[in-house]
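Visitor: Please show me the structure, and let us then discuss the terms used to describe it.

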Amino acid sequence: MLKKILIISLIVCFGGIVVLSFFFLKKQQVKQDFLTIKAVPINSFCIISINDFPHFITNTLHSNQIWQSFSSIPAVATLQYNLHRIDSLAGNDLRKASYLNAKNMLISLHYTGNMDFDYLFTIGLETDANSDNFIDLVNKKANSLGKVTSYQYDNTTIYCATLDSSFKSQQIYYSIIGNMFIASKARVLVQSSIGQITANESLLKNKSFDLVYNSSDKEKPMNIFVNYKTMPKFLSFFASAKYYKTILQSAKMANWAELDLNLKNNEVLLNGFITTDSLSDNFLHLFSDQEPVSMNIHEIIPSSASFIL
């Protein structure tokens with residue numbers, strides 16, 4: 001009798017371990033397969049990955065001196081305003097760790113006209129259940145600031161928050177797809193993101209982007225990904241007619257570039273690399289398979305130097 005009890009107990013314990021292991025591994029697999037980058041439309045010319053955006057919003061956005069000095073650049077000023085607006089809608093809830101998946105925010109830039117561009121914000125949430133709770137909180141906050149309407153696109157609900165007159169741009173579109181929260185003041189970008197996920201398209205299918213994305217240092221505060229083929233058009237928006245054609249010619253420089261950015265109060269540290277290939281007419285491909293020249297100039301530069309190029 002005692003032997004039977006021991007055998008049954010062992011079977012029950014073993015079964016419990018199997019069940020618990022199944023749910024644990026399933027949860028881990030969900031986190032491993034979860035990639036917010038899949039929600040970024042493939043026509044993005046620049047992507048900024050903020051690897052700890054609660055810290056970024058709380059500290060860097062409001063108090064970092066270097067970041068504040070960047071606000072004199074029109075594109076950065078627009079980005080900063082959009083970040084404040086996202087924070088006003090869901091900032092307190094975004095900073096609750098129970099909602100977040102890896103604390104990562106992607107900010108992608110896209111052309112929305114011949115001479116215009118806009119931002120798409122993509123945030124990963126922990127689970128689908130949290131997604132439902134989160135969107136309810138965002139809608140409640142948005143209703144307190146204005147009015148929320150919704151419509152269906154590709155079997156997904158898109159919300160439109162019409163905010164009061166204290167906001168320069170009164171409308172912001174947002175949605176939840178899977179456990180990703182996407183938002184933009186450009187409706188076409190939210191729709192493009194949803195359509196891309198439904199069609200199982202992704203930037204990761206681009207070999208050059210996949211290389212720089214998987215090689216980026218996720219431990220750094222930010223990673224910046226630049227598409228050399230399409231970024232020059234954006235830079236030309238801010239150039240005089242004299243340099244317009246020269247800037248556009250830089251599209252033949254390379255494919256994708258990645259920069260790891262570390263932003264401190266008194267300095268900006270950048271480190272990264274560029275991809276190219278033999279099939280593209282890229283200038284930097286000329287340097288393939290060449291060994292870098294050793295640099296010894298630092299041995300003779302005065303220690304008082306403040307800038308070295």
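Predicted model: local features only at pLDDT ≥ 70, side-chain atom pairs only at ≥ 80, totals over all residues.

Visitor: Why is the pair of K185 and D118 called a salt bridge?

Guide: The term requires a side-chain nitrogen of Lys or Arg within 4 Å of a carboxyl oxygen of Asp or Glu. The closest N and O atoms of K185 and D118 are 2.9 Å apart, so the pair qualifies. K185 lies in the loop between β7 (180-184) and α6 (187-198), and D118 in strand β3 (residues 116-125), 67 residues apart.

Visitor: What makes D118 count as buried or exposed?

Guide: Buried means under 20% relative accessible area, exposed over 50%, and partly exposed in between (1.4 Å probe, protein chains only). D118 has 6% relative accessibility and therefore counts as buried. K185, at 32%, is partly exposed.

Visitor: Which residue forms a salt bridge with K220?

Guide: The partner is D217, and the closest N and O atoms are 2.9 Å apart. K220 is partly exposed at 30% relative accessibility, and D217 is partly exposed at 26%. The structure holds two salt bridges.

Methods
Residues numbered from 1 in each chain as written. Heavy atoms only, no water. Helix = DSSP H or I, 4+ residues; strand = E, 2+ residues; numbered from the N terminus.
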